[in-house]
Amino acid sequence: MSEDCLFCKIVNKEIPSTIVYEDEDILAFKDINPVAPVHILIIPKKHIPTITDITDDDFELIGRMHAVAGKIARDAGIFEDGFRLVNNCRSHGGQVIYHLHFHLLGGKNLGGI
Ligand code: 5GP
Ligand code: ZN
């Protein structure tokens with residue numbers, strides 16, 4: 001838990017969100033400002049600022065977050081057509097919230113990068 005972290009507050013239910021998946025270590029909720037028909041944020045409950053801050057202890061967690069992305073995609077009906085899983089890292093990567101998260105985007109053809 002980081003005191004000033006928005007996503008830690010969402011984990012602790014101090015700030016409401018539309019939760020689509022939750023387990024002991026992982027939370028997924030709808031992005032407040034969706035850029036695709038399906039836009040879900042998948043986060044670890046543990047405060048990890050960026051993808052570069054993961055340690056050996058987090059490898060299983062990060063792997064499970066990817067498995068959870070597939071499950072959420074299935075539940076959201078975008079599994080067959082496909083989707084994009086994005087991590088923005090630090091300022092040039094467009095990261096605004098410094099609590100690790102993956103954007104799960106889909107529901108339309110997103111094209112190539
Ligand atoms: P970043 O730019 O850090 O990769 O992405 C942060 C994301 O968090 C943005 O897509 C933004 O719309 C979303 N976001 C910011 N504040 C809130 C909030 O209070 N609730 C939810 N559900 N999403 C938020
Ligand atoms: Zn946090």
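Me: In what order do the elements of the protein chain run from the N terminus on?
Reply: They run α-β-β-β-α-β-α-β, which comes to three helices and five strands. Helices (H or I, at least four residues) and strands (E, at least two) are DSSP runs, numbered from the N terminus. This is a predicted model, where local features need pLDDT of at least 70 and side-chain atom pairs count only at pLDDT 80 or more, while totals for chains, interfaces and linings use all residues. Residues are numbered from 1 along each chain as its sequence is written, chains are lettered from A and ligands numbered from 1 in the order in which they are written, and side-chain values use heavy atoms, with hydrogens and water left out.

Me: OK, the metal. Which protein donors does the zinc ion (ligand 2) have?
Reply: C5 (SG), C8 (SG), H47 (ND1) and H99 (ND1), at 2.0 to 2.3 Å from the zinc ion. Donors here are N, O and S atoms within 2.8 Å of the metal (3.2 Å for Na, K and Ca), and water is not among the atoms, so sites may look incomplete.

Me: And what's the geometry of the zinc site?
Reply: Tetrahedral, with angles of 105 to 115° among the four donor atoms. Four donors get that label if all angles lie between 85 and 135 degrees; four count as square planar and six as octahedral if opposite donors are over 155 degrees apart and all others between 65 and 115, and anything else is irregular.

Me: Where's H99, then?
Reply: H99 sits in the loop between helix 3 (90-93) and strand 5. Leaving out neighbours within four places in sequence, H99 has contacts (heavy atoms within 4.5 Å) that include C5, C8 and H47, plus F7, I43 and P44.

Me: Is H99 buried or exposed?
Reply: Buried, at 0% relative accessible area. The cut-offs are under 20% for buried, over 50% for exposed and partly exposed in between (1.4 Å probe, protein chains only). C5 is buried as well, at 7%, whereas H47 is partly exposed at 24%.

Me: Switching topic: how many salt bridges are found in the whole structure?
Reply: Seven, each one a side-chain nitrogen of Lys or Arg within 4 Å of a carboxyl oxygen of Asp or Glu. Side chains of opposite charge can pair when their charged atoms come close.

Me: Which residues does R64 form a salt bridge with?
Reply: Two partners are D23, with the closest N and O atoms 3.4 Å apart, and D25, at 2.7 Å. R64 is in helix 2 and D25 is in the loop between strand 1 and strand 2, 39 residues apart, so that pair links distant parts of the chain. Salt bridges that share partners join D23, D25, E60 and R64 into one network.

Me: How accessible are R64 and D25?
Reply: Both are partly exposed: R64 has 29% relative accessible area and D25 has 32%.

Me: Which residue does K13 meet in a salt bridge?
Reply: E22, at 3.2 Å from N to O. K13 is partly exposed at 48%, and E22 is partly exposed at 36%.

Me: Now the inside. Which residues touch the most other members of the largest nonpolar core?
Reply: I26, I40, I42, M65 and I72, out of 18 residues in that core. A nonpolar core means buried Ala, Val, Leu, Ile, Met, Phe, Trp, Tyr and Cys residues joined through side-chain atoms within 4.5 Å. Helix 2 gives the largest share, seven residues.

Me: What does the second core include?
Reply: That separate core has nine residues, among them C5, F7, L41 and I43. C5 is also one of the zinc donors.
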